[in-house]
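I opened the notebook to record a few look-ups, one entry at a time. The structure goes in first.

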Amino acid sequence: MFDFHLHLARLPQPEQLAKALLERGYHFIAIACEPWEWEILEKIPLDDKCGKAFGIHPMIATQVSEQDWDKLRELLVKNTDAGVGECGIDKRYEGYITSEKVAGQSAFRSEISTQEQVFKRQVELARELRRDLQIHCVGDYARLIKMLKECRFPEPGTQARSIFHRFGGDVSIVRAAQSLNPIFSLHKDSFRKKSTAAAIAEIPAEQVRFETDADECFLNEEGRCPIKSGMTVTGIVDELITLLQSVKARYDSNS
Ligand SMILES: [Zn+2]
């Protein structure tokens, strides 16, 4: 069992939870995508089958300071196996389009939005440090792929991967991403759109992974939030295992 994207630091009792997951043979990449999560995650001991990623989520792109950037670089330099992210673009949050467009004027496409700037800076950091990139996209996948290519990520000859977390693109995106050393991390929601379900069938098997994306709002198979229902650490572990297995089962029945 390997969960390719888990928001460990956002879950209750993250250290005890990590321990309980490892005892059940459940490995994962733990994502910390806001400065407050970085410190929590950094201190949690994991075994060497697990991974960590530190980054800046597009939902907070307009709120980051230069101190945050310094801290992020410092963390990545210190944690030599850590990935960068999750980072990306999201049309639901501030900074997705340029301020000119927000003001109702015609947008200058040559100007890059705050979310794009914050994303590109992380792509450059990942390229420089030769790390995997955990990529989030709600909105224009083609725009995101164009940015990765402009930043020449990943650097040729390195093992760094472009991980499309909670993948929701169509077949044109699967094809366009092939030069980016891609991994498509599938979530139960990845099967909702017909165009994505069709694209998933075309992804080479070695590029497919599974994830729960679980944070404090995750919903189990029945659509209930185990955290809100006051479940114990053991109960949450059971829910995560069921959820991850159900994603894998959906993939098996899709292809
Ligand atoms: Zn996430």
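**Entry on R152.** I note here that the model is a predicted one. R152 sits in the loop between α6 and β6. Its phi is positive, about 50 degrees, although R152 is not a glycine. I wrote that down because most residues other than glycine have a negative phi.

**Entry on Q13.** I then turned to Q13, which also is not a glycine and has a positive phi, about 45 degrees. Where does Q13 lie? I found Q13 in the loop between β1 (2-6) and α1. Is Q13 buried or exposed? Q13 has 12 other C-beta atoms within 10 Å, so it is exposed.

**Entry on cis peptide bonds.** Most peptide bonds are trans, so I listed the exceptions I came across. F153 and P154 are joined by a cis peptide bond, with omega about -10 degrees. P154 belongs to the loop between α6 (141-150) and β6 (162-164). The peptide bond from G85 to E86 is cis too, and its omega is near 10 degrees. I placed E86 in strand β4, which covers residues 83-90.

**Entry on E66.** I found E66 in helix α3. With 7 other C-beta atoms within 10 Å, E66 is exposed. I also checked E66 against I31, which is 35 residues away along the chain. Their C-alpha atoms are separated by 21 Å.

**Entry on α2 and α3.** Two packed helices are described by the angle between their axes and the distance between the axes, so I looked up both. For helix α2 (residues 35-43) and helix α3 (residues 66-78), the angle is about 25 degrees and the axes are 11 Å apart. That angle makes α2 roughly parallel to α3, because angles under 35 degrees count as roughly parallel. I noted that α2 and α3 cross in a left-handed way. Which residues make the contact? From α2 I listed P35, W38 and E42, and from α3 I listed D68, K71 and L75. Sorted by type, the residues of the contact of α2 with α3 are 3 nonpolar, 3 charged and no polar.

**Entry on α1 and α9.** I repeated the look-up for helix α1 (residues 14-23) and helix α9 (residues 233-254). They pack at about 55 degrees, and their axes are 10 Å apart. At that angle α1 is oblique to α9. The crossing of α1 past α9 is right-handed. On the α1 side I wrote down Q16, L17, A20 and L21, which meet V233, T234, I236 and V237 of α9. The residues of this contact of α1 with α9 are 6 nonpolar and 2 polar, with no charged ones.

**Entry on the core.** How many residues are in the largest nonpolar core? I found 63, and the members that touch the most others are L8, I29, A30, A32 and L133. Helix α9 gives the most to this core, namely 7 residues. Setting aside neighbours within four places in sequence, A30 is in contact with L6, L8, L41, L46, C50 and K52.

Note on methods: Residues are numbered from 1 along each chain as its sequence is written. This is a predicted model: local features need pLDDT of at least 70, side-chain atom pairs count only at pLDDT 80 or more; totals for chains, interfaces and linings use all residues. Axes are lines fitted to C-alpha atoms, for helices over the stretch in contact, and angles run from 0 to 180 degrees between N-to-C directions. Helices (H or I, at least four residues) and strands (E, at least two) are DSSP runs, numbered from the N terminus. Angles under 35 degrees count as roughly parallel, over 145 as roughly antiparallel, 65 to 115 as roughly perpendicular and the rest as oblique. A crossing is left-handed if the near helix is turned anticlockwise from the far one by less than a right angle, and right-handed if clockwise. Two residues are in contact if their C-beta atoms, placed from the backbone, lie within 7 Å. Ala, Val, Leu, Ile, Met, Phe, Trp, Tyr, Cys and Pro count as nonpolar, Asp, Glu, Lys and Arg as charged, and the others, Gly among them, as polar. A nonpolar core is a set of buried Ala, Val, Leu, Ile, Met, Phe, Trp, Tyr and Cys residues joined through C-beta atoms within 7 Å. A residue is buried if 20 or more other C-beta atoms lie within 10 Å of its own, exposed if 12 or fewer, and partly exposed in between; C-beta atoms are placed from the backbone.
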